[in-house]
Amino acid sequence: MSARTSLHLAAEIGGPPHYDAGHYLRLARLAEDGALDYVTLGDSFARPGLDALAVLARVAPATDRIGLVPTVTTTHTEPFHVSSAVATLDWVSRGRAGWQADVSTTEAEARLVGRRPAAPPAALWQEAGEVADVSGRLWDSWEDDAEIRDAATGRFIDRDKLHYVDFEGSTFTVKGPAIVPRPPQGRPVVVIDATTAPAREAAARHADVVHVRATTPEQAATVRDEVLRKAAAHGRDPGSLRVLVALTVDLGDVETAPEPGLESGPQLAGRGTYFRGGPVDLADLIAQWHRSGAADGFHLTPITPERDLERIVNSTVALLQHRSLFRTFHPGGTLREHLGLVRPASRYAAARTAAEEA
């Protein structure tokens with residue numbers, strides 16, 4: 001299969017808060033056994049719990065292949081620190097990091113930090129896009145061979161291969177360069193849930209992976225085509241994006257109650273994000289939607305992670321593998337390789353090379 005037609009699968013490993021990193025490590029290893037592209041770990045200022053990025057930094061050295069994608073809220077946080085933290089995750093995972101950009105919209109969350117009031121979603125997603133933009137520039141600000149490490153001459157860095165980013169956004173400025181060397185992937189993978197119109201615009205401009213929600217494969221294909229058209233309008237190669245349908249999954253028995261706070265309902269009810277059925281039914285749905293060209297894959301959120309992720313991996317994924325619809329091993333060592341995405345060159349290195357050749 002080509003990178004565009006290959007089926008991509010990812011799973012959320014969050015749920016009710018746990019304060020034991022081993023819980024998340026077990027789930028990440030389970031997803032890794034199923035050759036999933038990546039796991040996500042949700043986070044927000046609106047709920048108690050451990051910091052998702054820090055948890056996955058703990059998971060990273062204890063896993064080998066699975067991509068690690070924490071949610072990082074760009075509201076009320078410093079873009080320079082976001083860039084440094086995600087780059088660090090890429091280093092400690094040896095090139096398996098991504099991050100899901102999200103925003104914080106409520107006044108209650110704003111009061112937790114106390115730096116500024118809440119803002120409209122459109123403004124927050126514009127800012128989130130700018131954080132993604134400046135993060136990419138900071139990751140590029142060290143050329144790949146900027147480190148010399150020459151003990152004889154005492155030179156650690158070639159200063160000519162470090163670059164100021166001099167970025168000015170709507171709410172912040174960043175001079176740079178980064179303090180963390182260029183990550184193994186060049187730029188860790190940017191994931192955005194494009195459910196809302198402002199988020200969809202940010203995804204088209206900046207995301208590598210876009211999560212969408214839909215009630216039918218036709219609707220999913222329409223949203224996917226919209227995202228790809230917007231990306232092309234911004235000068236991006238639509239082939240460099242992966243679009244995954246986001247689906248909450250309940251594979252429990254009929255009498256099994258969902259986690260507190262989550263409503264049960266019929267298959268694909270409400271906004272089209274809820275599936276309740278068996279592992280075989282889920283495999284059939286995934287195969288049908290993917291074969292129709294509706295999306296590049298699925299991001300599955302188990303309603304009960306300990307139970308449903310095991311059934312997803314050992315039943316649904318195993319069946320898709322048996323049907324030769326999903327791979328049985330990871331194709332490479334980095335998240336970009338799992339997704340069929342190239343490692344981008346530093347924009348500053350490319351500009352410097354072009355100037356030298358002119």
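**Reading pockets, helices and loops**

Guide: Seven nonpolar, five polar and eight charged residues make up the lining of the second largest pocket. Asp, Glu, Lys and Arg count as charged; Ala, Val, Leu, Ile, Met, Phe, Trp, Tyr, Cys and Pro as nonpolar; the others, Gly among them, as polar. This is a predicted model: local features need pLDDT of at least 70, side-chain atom pairs need 80 or more, and totals for chains, interfaces and linings use all residues. Residues are numbered from 1 along each chain as its sequence is written, and side-chain values use heavy atoms, without hydrogens or water.

Visitor: How many residues line the second largest pocket, and which lie nearest its centre?

Guide: Rolling a probe the size of a water molecule over the atoms shows where empty space is left. On a 1 Å grid over the protein atoms alone, a pocket is an open set of points with protein on both sides within 12 Å along at least five of seven lines; a cavity is a set where a 1.4 Å probe fits but cannot get out; lining residues have an atom within 4 Å of a point. Here, 20 residues line the second largest pocket. Arg187, His206, Asp208, Arg236 and Arg336 lie nearest its centre.

Visitor: How many cavities of 30 Å³ or more does the structure hold?

Guide: One. About 70 Å³ of space lies in the largest cavity. Its lining includes Gly14, Gly15, Pro16, Pro17, His18 and Tyr24. By class, six lining residues are nonpolar, five polar and one charged.

Visitor: Where does UniProt place the feature "binding site"?

Guide: At Thr71, in an unreviewed entry. UniProt positions follow the numbering used here, feature names are shortened, and annotations may be inferred rather than shown by experiment. Thr71 is found in strand β3 (residues 67-73).

Visitor: Is Thr71 buried or exposed?

Guide: Buried means under 20% relative accessible area, exposed over 50%, partly exposed in between (1.4 Å probe, protein chains only). Thr71 has 8%, so it is buried. Leaving aside neighbours within four places in sequence, Thr71 is in contact (heavy atoms within 4.5 Å) with Leu41, Gly42, Asp43, Ala52, Gln100 and Asp102. Leu41 and Gly42 also line the largest cavity.

Visitor: What span should helix α8 have?

Guide: The expected span is 1.5 Å times one less than the number of residues. α8 (residues 279-291) has 13 residues, so it should span 18 Å. Its end C-alpha atoms are 18 Å apart, which agrees.

Visitor: Which residues of α8 are buried?

Guide: An α-helix has 3.6 residues a turn, so residues three or four places apart point the same way. In α8, the buried residues are Leu282, Ala283, Leu285, Ile286, Ala287, Trp289 and His290. Their packing partners include α7 (217-233), β11 (242-250) and α9 (305-322). Gly293, with a positive phi near 80 degrees, follows α8.

Visitor: Which peptide bond is cis?

Guide: The bond from Gly176 to Pro177 is cis, with omega near 0 degrees. Pro177 lies in the loop between β8 (173-174) and β9 (189-193).

Visitor: What is phi of Arg94, and of Ser324?

Guide: Phi of Arg94 is positive, near 60 degrees. Arg94 sits in the loop between α3 (79-92) and β4 (98-102). Its relative accessibility is 45%, so Arg94 counts as partly exposed. Phi of Ser324 is also positive, near 60 degrees. At 59% relative accessible area, Ser324 is exposed.

Methods. Helices (H or I, at least four residues) and strands (E, at least two) are DSSP runs, numbered from the N terminus. Grid points are joined across faces, edges and corners, and a volume is the space filled by probe spheres set on the points.
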